[in-house]
Protein chains: 2
Amino acid sequence: MNEHTEINFEGAACPLPLQHTARIVMAHGSGGKMSHDLVARLFVPAFDNPVLRAGDDAGVVELASGKRLAVSTDSHVVWPLFFPGGDIGRLAICGTVNDVAVMGAEPKWITAGFILEEGLEVETLQRVIASMHAAAVEAGVELIAGDTKFVQRGKADGLYINTTGVGIIPLGITPNGSRAEEGDIILLTGTIGDHGMAVVSARGDLGFTSSICSDTAPLNQMIRSALDAAGDAIHVMRDPTRGGLATTLNEIARQSGKGIVIQEKAIPVKSPVRAACEMLGFDPLYVANEGKLVIIVRPDLAARTLAAVRACRYGEEAEMIGEVGNAPAGMVLMKTIFGSTRVVDMLAGEILPRIC
Amino acid sequence: MNEHTEINFEGAACPLPLQHTARIVMAHGSGGKMSHDLVARLFVPAFDNPVLRAGDDAGVVELASGKRLAVSTDSHVVWPLFFPGGDIGRLAICGTVNDVAVMGAEPKWITAGFILEEGLEVETLQRVIASMHAAAVEAGVELIAGDTKFVQRGKADGLYINTTGVGIIPLGITPNGSRAEEGDIILLTGTIGDHGMAVVSARGDLGFTSSICSDTAPLNQMIRSALDAAGDAIHVMRDPTRGGLATTLNEIARQSGKGIVIQEKAIPVKSPVRAACEMLGFDPLYVANEGKLVIIVRPDLAARTLAAVRACRYGEEAEMIGEVGNAPAGMVLMKTIFGSTRVVDMLAGEILPRIC
């Protein structure tokens with residue numbers, strides 16, 4: 001999935017109180033602690049199985065032939081439907097393509113399920129479909145099944161789109177969140193916070209026009225380049241979406257039982273994004289991305305992987321931002337630009353509802 | 001898909017005017033002509049490919065090994081969430097399991113994407129999840145990926161669930177809507193209209209308490225029994241959901257370019273369902289089912305297939321209801337109980353919104 005709320009199970013091992021137990025609140029959608037808790041309490045006990053328990057971005061299953069498939073699903077409820085750099089259609093294709101690709105799979109097929117609100121302008125739907133088509137062509141995936149459902153006015157917000165992707169994993173490729181190892185290098189493929197702040201900007205919450213664009217993009221070509229460079233020495237890949245880079249690194253730290261240290265000065269943030277975050281009180285580490293990857297790779301192949309990523313369209317601003325180890329197990333630390341060290345925790349509350 | 005609005009392409013070959021072009025209206029969700037038209041005008045031009053063009057309940061793709069996968073997606077927006085004989089969770093599992101199974105596939109894996117409205121009671125979600133789990137166990141499918149999204153109060157109606165299923169098709173099994181042949185026998189695995197009228201009853205629209213129960217059920221075991229009995233002599237299987245038996249038969253007639261004749265007296269309808277339909281002015285032929293199959297089989301194996309189906313839990317009331325041929329190409333005719341013949345067209349308007 002684009003988010004890991006449904007598959008990261010640390011809450012099950014160490015139960016937290018289920019906050020706001022009686023009713024669903026928007027903070028359950030943060031991608032952070034409350035999301036994890038809700039999933040751990042409701043979904044895990046019902047559906048627990050080895051595939052889900054792995055806690056990765058896509059479920060990996062094996063056919064009788066030994067071939068492995070990666071399958072991932074994501075519903076998209078982003079508001080507004082159109083924002084600088086993207087729209088719900090491009091997001092729906094890219095989000096699922098990326099979740100399949102980070103498992104090392106070649107994304108092949110995709111399904112699309114639409115929930116359409118009575119009164120939606122057909123022209124709007126046409127624009128979204130055209131955008132999905134363009135993204136699918138760019139990613140090289142084929143839409144093989146679809147569904148349309150209709151609800152009365154006031155029972156949705158224009159349209160929602162679920163996409164589910166299926167990809168094939170080459171033999172010998174097994175990146176997943178549990179494989180982070182001491183000494184591994186952490187790469188980030190570009191600037192953080194662009195998607196979240198582009199959506200905020202489209203909502204008019206900045207109070208001024210900004211140049212911020214969403215990074216929504218299919219990353220499967222870049223992932224293939226990275227795998228060509230380093231193969232199975234790439235231990236983990238994940239796209240830091242809802243909950244941002246901080247939440248993704250915490251998930252990996254917990255899945256692998258390793259500590260992580262990142263360098264604040266190495267993490268690229270565009271100036272307008274940084275300014276917008278400061279104005280609204282957001283930390284870019286927690287703001288969603290839709291076109292960035294975290295790659296955790298064996299140190300001897302880190303430079304080669306970085307070069308391969310930088311040669312790609314969506315990876316030109318890639319950086320080494322840290323390493324695995326030198327921190328307590330399951331914890332993420334950051335060396336700040338002031339030379340101090342701070343704990344980077346998982347997102348706790350809700351900062352941006354309906355960001356994807 | 002549970003419905004065929006997105007994959008039946010006759011509208012593309014013979015364009016109808018797109019009714020209500022400017023805005024989405026509830027009638028677009030009928031599963032009938034307006035649904036087909038919307039899909040033909042908006043989705044087909046964007047995503048046309050051989051897999052979608054086949055127009056079946058699931059997309060069928062081939063791996064390099066020659067193994068074939070069936071993939072189907074369905075979003076579920078049924079209201080109310082709970083109704084006699086089922087709920088949105090059981091429906092979400094069964095609908096997708098059935099769409100995969102009617103392609104001759106063994107359903108193996110399923111994904112679930114939830115859209116949750118702020119204020120939803122957690123206890124309600126728990127009940128739905130428990131019901132999904134029970135249905136998944138009954139069907140023998142494993143949930144391998146999930147996703148949760150959250151929208152503000154008034155932007156959904158409790159919860160919506162997308163399920164996407166993946167199944168494996170055994171070698172030599174190729175049922176699909178285009179394979180209906182002159183002389184084939186049409187089996188129906190039980191009574192029609194139960195699901196639709198159970199939901200109507202749960203809405204209080206009958207004005208009295210009824211004994212009507214939804215037929216929501218996973219049909220993959222029954223489908224396996226039928227395939228064991230007749231193998232690839234089963235030319236078509238399809239579950240008559242949204243739009244009812246009439247719409248499903250019309251889809252098959254158009255896909256195959258054959259005529260279809262059914263016998264009204266052979267079509268089983270439970271008395272309370274018939275009474276409720278008469279009271280509300282519905283024709284049971286157009287009311288949705290969620291646990292019934294149409295099976296179109298070579299005549300020499302029809303009796304054997306019928307016996308195999310009747311031996312199954314969900315097929316005890318199966319009947320031979322008609323045959324392929326003796327009608328103009330692409331048309332469905334019905335011999336009425338009065339001895340006359342009437343044309344049975346595809347559903348035209350909207351009769352029951354949010355039935356699945």
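This is a predicted model: local features need pLDDT of at least 70, side-chain atom pairs count only at pLDDT 80 or more; totals for chains, interfaces and linings use all residues.
Me: How many residues of chain A are in contact with chain B?

Reply: A contact is a matter of distance between heavy atoms, with a cut-off of 4.5 Å. Here 77 residues of chain A touch 77 residues of chain B.

Me: What area is buried between chain A and chain B, and what share do carbon and sulfur atoms give?

Reply: About 6,800 Å² is buried between the two chains, and carbon and sulfur atoms give 69% of that area. Of the area that chain A buries against chain B, A:Ile24, A:Phe47 and A:Phe150 supply 11%, more than any other three residues.

Me: How many salt bridges are there between chain A and chain B?

Reply: The count is six. One pairs the side chains of B:Arg23 and A:Glu121, at 3.2 Å from N to O.

Me: Which residues of H2(A) and H5(B) meet?

Reply: From H2(A) come A:Leu42, A:Phe43, A:Ala46 and A:Phe47; from H5(B) come B:Val122, B:Leu125, B:Gln126, B:Ile129, B:Met132 and B:His133. Sorted by class, this contact of H2(A) with H5(B) holds eight nonpolar residues, two polar ones and no charged ones.

Me: How do H4(B) and H5(B) cross, left-handed or right-handed?

Reply: H4(B) passes H5(B) in a right-handed crossing. The axes of H4(B), residues 88–101, and H5(B) come within 7 Å and cross at roughly 30 degrees. The two helices are therefore roughly parallel to each other. On the H4(B) side the contact includes B:Ile88, B:Ile93 and B:Val97, and on the H5(B) side it includes B:Val128, B:Met132 and B:Ala135. The contact of H4(B) with H5(B) divides into nine nonpolar, two polar and two charged residues.

Me: At what angle do helix H6 and helix H9 of chain A pack?

Reply: H6(A), residues 194–202, and H9(A), residues 271–280, pack at about 65 degrees, with axes 10 Å apart. H6(A) passes H9(A) in a left-handed crossing. A:Asp194, A:Met197 and A:Val200 of H6(A) make the contact with A:Val273, A:Ala276, A:Cys277 and A:Leu280 of H9(A). By class, the contact of H6(A) with H9(A) has six nonpolar residues, no polar ones and one charged residue.

Conventions:
Residues are numbered from 1 along each chain as its sequence is written. Chains are lettered from A and ligands numbered from 1 in the order in which they are written. Side-chain values use heavy atoms; hydrogens and water are left out. Helices (H or I, at least four residues) and strands (E, at least two) are DSSP runs, numbered from the N terminus. Ala, Val, Leu, Ile, Met, Phe, Trp, Tyr, Cys and Pro count as nonpolar, Asp, Glu, Lys and Arg as charged, and the others, Gly among them, as polar. Buried area is the accessible area (1.4 Å probe) that two parts lose on being put together, summed over both. A salt bridge is a side-chain nitrogen of Lys or Arg within 4 Å of a carboxyl oxygen of Asp or Glu. Axes are lines fitted to C-alpha atoms, for helices over the stretch in contact, and angles run from 0 to 180 degrees between N-to-C directions. A crossing is left-handed if the near helix is turned anticlockwise from the far one by less than a right angle, and right-handed if clockwise. Angles under 35 degrees count as roughly parallel, over 145 as roughly antiparallel, 65 to 115 as roughly perpendicular and the rest as oblique.
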